[in-house]
Amino acid sequence: MAAVLGVRHVAVFLCVCAAMAPARAMADDDPPKGNDPPKRNAAEFSATGRTERPLQGGSDLDPSAAATVIDMRRRVRAEEGLDEVLVESPGAQATALGGVGAYRTLSLRGTDAEHTLVLLGTVPLSPVGGGAFDLSTLPPTLLDRVEVYRGGSPAWLGAGAIGGVLRLMPAEGTGKRARGVVTYGSFGTYGARADASLTEPNAVENATDGGHRSFAVAVGARHSDGDFPYRLDPTPLLPGDETNVRRTNADADEAQGVAHLRLPVGGGSITFVGLGYGRMGGVPGPAVRPTAEAHRTLTRGLAALGWERVSGERDAGPPQLRVAFGGSLSVEQNRFTDRLNEVGLGARATDDTGSRGFVRAATEWNPWRAAGVTGVVTFSHDAYAPSDSLAAPVGASRRETVAGALEARWSPRLGPVPFDVRPSVRFEGAFSRLEEIRAERQGEDRTPNTFAPTYRLAASAGVLPWLTLHASGASAVRVPSMVELFGDRGYLVGDSRLRPETSYTVDGGLTAGGRVGAADGHLEARGFATWTRDLIRYALTSQFQTVPENIARARLLGAELEASGGVRLGGDEGTLRGLVTATWLRAVDVGLDRTLPLRPKLQLYARPEWTGPGVAFIDTVTLYADVTHVGSNFGDAANLVVLQARTRVGVGAVFGMAKGRLDAAFSIRDLGDTRGQDVLGFPLPGRTVFLTLTAKTE
């Protein structure tokens, strides 16, 4: 009988997800579940929107945006990284250069990692001078939620990016609570973290004075030996000489912390966010040429202050006026030591420093419920000072960037059908002074200046209460980052002669939803096309290094699907939920008529999850499985090196005990020990086991 009931419930769940496609949108009195966006008041570093939209969409800021919002506040997993969270967004490809503590990046819709702008609230988190953000430097436990915007992003963020925007929202105070977490896992991995928050009891009443008082702080540390086994094949063309070896020089020690403070000031809300991160450890080489002594130390700090005021609030629809000001200061230090020339760039002992100052002003004015305008202006100053004690001195480089965005909103209702139309224009000017650090051109100065206007036109139509159609077209420009211009002193060699990239994107799709009885969920399907000029592509050298170069034209065609849903089972049988994402991509170098490297044609992710009552001293039990498939792709521009397809299966369990005061999370990643290699031939860990214990008070 139990088996029959289980099959029946699974069948009901699949039918609901596939045929009915229930919505993410929930009533105000329902708590967020799974990927549901939390409904809270907007603030500079907190929530995304203030009101319910009549249109189905992934973002309250812009219903036409292709967006995925992942709630992190009640998420309990065993030692989870941001890259493992982001697989829940279609079109997202996270790339890792190894195990715990290794460099990880995010690419959206087949674009490069540098095409994804990463924000902490509205503050840029990308390295000084731009470039790809290392996802491993910010644990998801420090966040309230993660927002992924694929393609065009809301004008309120003031951000333009070829691939899209990743917005990370820092954890803030929610009641009076404290939490401690310890983790132990494979390959000598262990760590601990703690967080606490405090919110004044009468937060709702004080919200009318511009916001409530809250404080949150989180700190953590982690160590990993990183000595996982992998299969070494020194001569791929000669079978029979494969051996099993262990990863060397892959140890990593890291510590991080975040603080978030909110106070009502001047009829508005002022927020402060402080973020610190440090890591030191070895720099392991590719599979066929491991290193023994090369090591790196990275230190990064950020302080951000913002103030926001909202007036003329409405029962439904956007506020009449919203004004926000913010600024931040970030610093970073990157030390790379390779005295034995194991990496292959010559003996090095570098100590590079960078800093960024950033200011932002934004306003949203909605004189009518159906029409409004948003304006944003930002300015940043980046300074980069390289130093190498084993080489001749090199001068500093700098870049000033000014950007602005202006968006109009028209939200009419034609009969029962609501519309949302958003035309916008954006400009960005970058003014640089660059001093070459490559040996063959050392001492050369360049002063490239770029001024680029871009545009976006997006529209949504709620043709049915549970179905919304979306369409958009946009252009984007990106100037080369400091990392692309100068390299990372390791496996990435820069080129200061790179030209800015230009792209044009069209996007269309639908979002559907509803709720029937005990079932709920979400469905989003979109297609997109991107054309890029002067695309910066990375070429792999014989020294296992990458060199950026401009190619004339590239074309990206793709489709993405996300379906999630859940059903409450009868009696005490709990809740069954599921998530499926799929991305199909065709990426072509038009000049060579070849597939762009490191872009798999197919990516799939699925996670079934069951939560129900426990037994004995266990209050609740959550069981889940993760299935990730990455299709085959090419590792070089000529399409001669084939990276084989990989399918990884993981399982996990979370046990709630002591009336919600204790959680035990257990996970096994890569159950079949698939292993494999990623970019630059770096081996990936195989089967990995983690155990996390969490003690908390509310």
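## A pair of residues in a sheet

In strand 6, arginine 145 is the bridge partner of aspartate 71. The two strands concerned, strand 1 and strand 6 (residues 143-150), run antiparallel and are joined by six bridges. Helices (H or I, at least four residues) and strands (E, at least two) are DSSP runs, numbered from the N terminus. Two strands count as paired if DSSP finds at least two bridges between them.

The model is predicted: local features need pLDDT of at least 70 and side-chain atom pairs count only at pLDDT 80 or more, while totals for chains, interfaces and linings use all residues. Residues are numbered from 1 along each chain as its sequence is written, and side-chain values use heavy atoms, with hydrogens and water left out.

Strands of a sheet pair through backbone hydrogen bonds, either parallel or antiparallel. Here, five strands form an open sheet with mixed pairing, in the order 1-6-7-4-5. Strand 1 (66-71) and strand 5 (123-124) stand at the edges with a single partner strand each, so one side of each has no neighbour in the sheet.

## The protein as a whole

The protein has four helices and 37 strands. Of its 698 residues, 56% are buried (under 20% relative accessible area; exposed means over 50% and partly exposed lies in between, with a 1.4 Å probe and protein chains only). Among contacts (heavy atoms within 4.5 Å) between residues at least 6 apart in sequence, 65% join residues at least 24 apart.

The accessible surface comes to about 28,300 Å², and carbon and sulfur atoms account for 63% of it. Accessible areas come from the Shrake-Rupley method with a 1.4 Å probe; for residues, only the protein chains shown count as cover.

## Two cavities

A search of the whole structure finds ten cavities of 30 Å³ or more. On a 1 Å grid over the protein atoms alone, a cavity is a set of points where a 1.4 Å probe fits but cannot get out, and lining residues have an atom within 4 Å of a point. Grid points are joined across faces, edges and corners, and a volume is the space filled by probe spheres set on the points. The largest cavity holds about 600 Å³ of space. Its lining has 33 residues, of which Leu117, Gly130, Gly160, Thr401 and Glu428 lie nearest the centre. Strand 18 (371-385) is among the elements that give two or more residues to this lining, and its four residues are the largest share. By class, the lining has 13 nonpolar, 13 polar and seven charged residues. Ala, Val, Leu, Ile, Met, Phe, Trp, Tyr, Cys and Pro count as nonpolar, Asp, Glu, Lys and Arg as charged, and the others, Gly among them, as polar.

The second largest cavity has a volume of about 400 Å³. It is lined by 33 residues, and Gly152, Ser153, Arg456, Ala474 and Ser475 lie nearest its centre. Strand 24 gives the most to this lining, with five residues. The classes here are 14 nonpolar, 13 polar and six charged residues.

## Two positive phi values

Most residues other than glycine have a negative phi. Phenylalanine 187, which is not glycine, has a positive phi near 60°; this residue is in the loop between strand 8 (177-185) and strand 9 (189-199). Aspartate 534 also is not a glycine, and its phi is positive, at about 60°. Aspartate 534 lies in strand 27 (residues 519-540) and is partly exposed, with a relative accessible area of 21%.

Definitions and conventions
1 Å grid on protein atoms, 1.4 Å probe; cavity = no way out; pocket = protein on both sides within 12 Å on 5 of 7 lines; lining within 4 Å.
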